[in-house]
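The entries follow in the order I looked things up.

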Amino acid sequence: MEKIFTVFFTVISAVIFSSCDKSEDGFRNKIISEITAEVTENYYEAPVQEEKAVNRIKVTVGDAEFSAVLCGNEASNAFSEMLPMTLNMKELNGNEKYFYLPQDLPAAPEYPEKINAGDIMLYGSNCAVIFYSTFDTSYSYTRLGYIEDADGLASAIGKGDAEVRFEKI
């Protein structure tokens, strides 16, 4: 868009300052009108990029509530369609809670190399995982989303199994 306006003003400046002869005023005005019409037409015909809606959910662990954002991929969309739901998540490795969902989700696993506290992932095609520690990993996951501010997540989720509620906001 900036390029169009730059070209527009350059052409207008060149036309205006190239000649001071009054007999060419009609010609200059015609050119300026045509250029203005073209720029205006292109401006209004430019494709409008739609913003993706952010899919926010609430994650509740005991009395603690966390705001989370789902990624917008097929797996997270399918996960979102299952909400609200409360899961009795099992402890694993002192850094995550997991639960095997009753149905498979469309998985597209990647190697994230690093897991961050608050990441919500899918292991395989039906195992929902919440991580409450940050660490390096060699496992592959499908990203579902993340808790925006994971401060307090580790203490809320505790050392054993935990009941975790997911719901749309």
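I looked up Cys71 and found this residue partly exposed, with a relative accessible area of 34%. My cut-offs are under 20% relative accessible area for buried, over 50% for exposed and partly exposed in between (1.4 Å probe, protein chains only). Cys127 counts as buried, at 3% relative accessibility.

The model is predicted, so I took local features only at pLDDT of at least 70 and side-chain atom pairs only at pLDDT 80 or more, while totals for chains, interfaces and linings use all residues. Residues are numbered from 1 along each chain as its sequence is written, and side-chain values use heavy atoms, with hydrogens and water left out.

I checked for disulfides (a pair of cysteine sulfur atoms within 2.5 Å). The structure holds zero.

Next I turned to strand β7, residues 127-131, where five of five residues are buried. Helices (H or I, at least four residues) and strands (E, at least two) are DSSP runs, numbered from the N terminus. In a regular strand the side chains alternate between the two faces of the sheet. In β7, Cys127, Val129 and Phe131 are buried on one side, and Ala128 and Ile130 are buried on the other.

Which strands pair with β7? I count strands as paired if DSSP finds at least two bridges between them. Strand β4 (residues 96-100) runs antiparallel to β7, with five bridges, and Tyr100 has Cys127 as its bridge partner. Strand β6 (residues 119-123) is also antiparallel to β7, over four bridges; there, Ile120 stands opposite Ile130.

Last, I looked at the hairpin of β6 and β7: three residues lie between the strands, and Gly124 takes a positive phi near 70°.
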